[in-house]
Amino acid sequence: WEFNGSFYQPSAFLMMGIPGLEALHHWISIPFCALYLIALLGNCMILFIIKTTQSLHEPMYYFLSMLAVTDLGLVLCTLPTTLGIFWFNMRRIGFDACLTQMYFIHILSFIESSVLLAMAFDRFIAISHPLRHPSILTKTTVTKIGLVIILRGMVSLLPIPFLLKRLTYCRKTELSHSFCFHPDIMNLACADIKVNVFYGMIILLSTVGMDFIFIVLSYILIIKTVISLATKEECLKALNTCVSHICAVLVFFVPMIGLSMIHRFGKNVPPLVNTLVAYTYLIIPPALNPIIYSIKSSHIREALLRALRRKTE
């Protein structure tokens, strides 16, 4: 502990694995390793296929590349501490290292939310204004959107580590997860955390909350456009291009909203439920997104098959 008058700050926090199942951590690590491996290989495969296939150099797949890079970042942020606990019971993480991990986890989550919104916008333009789609979403426009998404996440979350460093902490240093999460660290403080709560809520609502609202509005407009199409076959064909994106949105937003609600209002929720929702939020989307897009996107599927044939020849 660092002591300075009445100011206390822990030199480190203790992370938690799966409460009540500590004796089974080695066995539990097997499905986690499988999910991490799927996420790493799957997202790298998506990036490789898009980079090497000229026909996939269009806005929809540029945004998918951004999603894959973001998912890889989330995996690499949580993998060392999660497997460190399961394999070696390495629960200790330095205070500054914890704040750094927390900052990048939240940035990448906000970026993923924004990328999903950009993908919804791309689907809306492609279905509602197909002839104008190439001229609206040019390479330059997509690049600018990507830069704005990154800057938005970095700038909006920049005050969070400093707001946490100014707090006085209690003697309790045990976190609820195998990674660092803003509400989790904040709740260990002995000081007034109203500023942290207010700022965190405002940022969450103005970024992820607004993204979700605009995604829903995009699909309302898409459905309105699809209904106006002449034939049933055209309607189904248009909606089929959105299935992958809808699945990715649900896989990301449902556990994220659940985890946020638990941290703010679920004081009596069992620790095991809190832990499982957190793992679902950070590990399942990076593992499922490549599978969803590989199954539903015929272009990616065909490019993957061509790449596999070239390797076997």
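Predicted model: local features only at pLDDT ≥ 70, side-chain atom pairs only at ≥ 80, totals over all residues.
In it, cysteine 242 is buried, because its relative accessibility is 1% and buried means under 20%.

Cysteine 44 is another case. The closest cysteine sulfur to its own is in cysteine 77, at 15 Å, so the distance is too far for a bond. Cysteine 44 is partly exposed, with 42% relative accessibility.

How close must two sulfur atoms be to count as a disulfide? The cut-off is within 2.5 Å. A disulfide is a covalent bond between the sulfur atoms of two cysteines.

How many disulfides does the structure hold? It holds two. One joins cysteine 98 to cysteine 180, with the sulfur atoms 1.9 Å apart. Where do these two cysteines lie? Cysteine 98 sits in helix H3, which covers residues 95–128. Cysteine 180 sits in the loop between helix H6 (159–165) and helix H7 (182–186). The pair therefore ties together parts that are 82 residues apart in sequence. The torsion about this S-S bond of cysteine 98 and cysteine 180 is about -120°, so the disulfide is left-handed.

The other pair is cysteine 170 and cysteine 190, with an S to S distance of 1.6 Å. Cysteine 170 lies in the loop between H6 and H7, and cysteine 190 in the loop between H7 and H8. Parts that are 20 residues apart in sequence are thus tied together by this pair.

Now count the bonded cysteines along the chain. The disulfides follow the pattern 1-3, 2-4.

One more residue deserves a look. Threonine 207 belongs to helix H8, which spans residues 194–227. Is threonine 207 buried or exposed? It is buried, because its relative accessible area is 6% and the limit for buried is under 20%. Which residues does threonine 207 touch? Leaving out residues up to four places away in sequence, threonine 207 touches Phe110, Arg152 and Ser156.

Methods
Residues numbered from 1 in each chain as written. Heavy atoms only, no water. Helix = DSSP H or I, 4+ residues; strand = E, 2+ residues; numbered from the N terminus. Buried < 20%, exposed > 50% of the residue type's maximum accessible area, 1.4 Å probe, protein only. Contact = heavy atoms within 4.5 Å.
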